[in-house]
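Here is a short walk through one model. Begin with its rings, then turn to a strand.

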Amino acid sequence: MPSSPSQQNSFQSNTQHGSPRPKQATRSIVWFRRDLRVEDNPALSAGVRSGEVIGVYIWAPEEEESYYPGRVSRWWLGQSLRHLDSSLRRLGAAPLVYRRSADSAAALIDLLQCVGSTNVFFNHLYDPLSLVRDHRLKEQLSARGINVRSFNADLLYEPWEVNDENGQPFCTFAPFWNKCLSMPYDPNAPSLPPKRINSGDVSSCPSDNVSFEEDSEKGSNALLARAWSPGWRNADSALNAFLNGPLMDYSANRKKADGASTSLLSPHLHFGELSVRKVFHLVRMKQLVWTNEGNKDGEESCSLFLRSIGLREYSRYMSFNHPCSHERPLLAHLRFFPWIVDESYFKAWRQGRTGYPLVDAGMRELWATGWLHDRIRVVVSSFFVKVLQLPWLWGMKYFWDTLLDADLESDALGWQYISGSLPDGRELDRIDNPQFEGYKFDPNGEYVRRWLPELARLPTEWIHHPWNTPDAVLQAAGVELGSNYPLPIIDLETAKTRLQDALAEMWQLEASSRATMENGTEEGLGDSSDIPVIDFPQDSYMELVEPEPEVNVEPVVRVNGSGNGRRRADQMVPSLTSSLIRVGELDEEVSNNSLGHNAEVPTNMGGFGVMGAQRETDMRGVNTNTNNNNNVGRFARGMTEASSSFTTARGSQGVVPVWDPPDDGNGSSRRSDENGNEISSDTLLERHSAQSRHIMDWRQLSPAVASWEMESAVQPSFIGSSR
């Protein structure tokens, strides 16, 4: 088997600079980030080979800007770090050194001086914020004569290793994953943990007192420990349990929301407790065994699960090649989609008070447990974008603040997919009926009954559409629509009509912008700097204040959510990381192997996107109401606040990705043209310029985005070299 580029680079680096095992032991800092494990950790292994090792974790959430970790994510991080510290000590290392800082580079420089080290080893991250930060770090440390080396510990292949036949990055998932599976060399085999770690002296460098949770959060966080066990050894146990259990029937059970039929591995993978290379190789081994045994179901299950690993790979690949994907649509024409700004819609969705049981059950499970089955993630996000037509960045940020496995790259890819912003994403004019989705993913209604106790006594035939239920059945089940359970927030037919109108407006705006550009009065497709800013959702923070009375506001405002260099309100989604109770939402607190160097980064990449302004200032909640929709009996907008207390029972769990591209020819939404002929969304797209469907080239945007600092971040040697 040919050696990989990373193995070749490692060999060249070692032969040029001498033996990898120094004659005299040196002291190295191993900087842990989202690689909280001791097995198959290239940075840790490099430090062990170099001599004495000092493990370091720097808590610098300010560097994440608006993507400050949410409560449940911070809980997991704290638990995982304690587990890692215990493992390092058992291997002979000193206690993990913690630093609380707003500047990782400054903290590392201080630590290097404190312990007398000249080596820093860490593993790659691929989100745009980390790529820019790591570039700056390498520049600063290299200027001080510090040896800085970084490694791949998160992917099967580095993003720059996987290209099409023309050497260009892929822009759709299927050819990308096919190329990964047909690479001339296999992903590196996972390495074993070190037998022993030589500890460096940290007596002169005590740890900071770092806390990842507030005192008021500890009660709710204690409930998470009943369902989850963070830490790399627990991750290994979860992987083995999945391989020897649910994997066999994964192809048949993966879509069932009412049972724990999936892997539960995504939080472990996000925090780097589990090596993706280990997962890949073990599943491949299972697949080979079942193929030889003629077990077709097992073989198909392995292929589908490996595809979910491929989706995770693809999320990092897209984030690396299109670093603005977490804040702008990748398809140019979707910059002109006129999102609806309605804070009451946003609040009802968060509370699980939309009147659509499957959507509401999913949102209440998310709030109670920090988790959602991947199919339910698609349902609630699709409802958010296509039925409510709220800006997808609001939903993405809410997921970031509430999910245990919140992952910027995966979440961005999933919401781009749902909003039709990917070349192979769902059509934007395709609305999935939550009633039909309910009987598909929760046929017996058990999932809805678990998370909507007010509907628990409804018969299965009515559980997913209570608005059609006969009055006698509702009365027998103790359900009073509009009182203890809300009426649907909007009629689906009304939503479909409104969506078609919005799409027509989008194409009109796109054509107008293109004409302006062709006349030479505007640079770049759809720069649209004159589009008004979307108001910030004001009722999204958790505060210990009395709810303000409802006030009448102007009707729903439709504003185009264009993404240019300025931070807009559709990017200013509320941060929900406060430990305080959300106003009016919950009356009760939730009860519930290569170790060597990697190839250099190519030079033909676009500039990295800059996150917007600093974290938003606190705002107090304001309840708003909008126009009622009375097209269907019992449909109304009046809603009562959620008051049900949630239990801690673990709900249906999800697999690694949060999205799933549709199979070819399946589920295409259809409509009629002006002559009454039925057309699909693909036909609608083909009526417009092909250029409008190209992925945007971010280098052509305004100077505010393509600054020198961002352009320089993609030059060679900033990730893979040992500057």
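A search of the whole structure, which is a predicted model, finds 31 aromatic pairs. One of them joins F242 and F305. Their rings are tilted, at 45 degrees between the planes and 4.8 Å centre to centre. This pair links distant parts of the chain. F242 belongs to helix α8 (residues 232-243), F305 to helix α12 (residues 296-321), and 63 residues separate them. Buried means under 20% relative accessible area. F242 has 2%, so it counts as buried. F305, at 0%, is buried too.

A further tilted pair is formed by F346 and W394. Here the centres are 5.3 Å apart and the planes make 50 degrees. F346 lies in helix α13 (residues 343-351) and W394 in helix α16 (residues 392-402), so the pair ties together parts 48 residues apart in sequence. Both F346 and W394 are buried. They also belong to a cluster linked by ring pairs, with W349, F384, Y398, F399 and W415. Elsewhere, R377 lies over the face of W371, 5.0 Å from the ring centre.

Now the strand. Five of the five residues of β4 (residues 119-123) are buried, so this strand is largely enclosed by the rest of the structure. In a regular strand, side chains alternate between the two faces of the sheet. In β4 both faces are covered: N119, F121 and N123 are buried on one side, V120 and F122 on the other.

What flanks β4? Strand β1 (residues 26-32) runs parallel to β4, joined by four bridges. One pairs I29 with V120. Five bridges join β4 to strand β5 (residues 147-151), also parallel. There, N119 has N147 as its bridge partner. With helix α5 (residues 128-143), β4 and β5 make a right-handed β-α-β unit.

Methods: Residues are numbered from 1 along each chain as its sequence is written. This is a predicted model: local features need pLDDT of at least 70, side-chain atom pairs count only at pLDDT 80 or more; totals for chains, interfaces and linings use all residues. Side-chain values use heavy atoms; hydrogens and water are left out. Buried means under 20% relative accessible area, exposed over 50%, partly exposed in between (1.4 Å probe, protein chains only). Helices (H or I, at least four residues) and strands (E, at least two) are DSSP runs, numbered from the N terminus. Two strands pair if DSSP finds at least two bridges between them. A crossover is right-handed if, with the strands pointing away from the viewer, the path from the first strand over the helix to the second runs clockwise. Rings of Phe, Tyr and Trp (its six-membered ring) pair if their centres lie within 6.5 Å; planes under 30 degrees apart count as stacked, over 60 as edge-to-face and the rest as tilted. A charge sits over a ring if NZ of Lys or CZ of Arg is within 6 Å of the ring centre and within 35 degrees of the ring normal.
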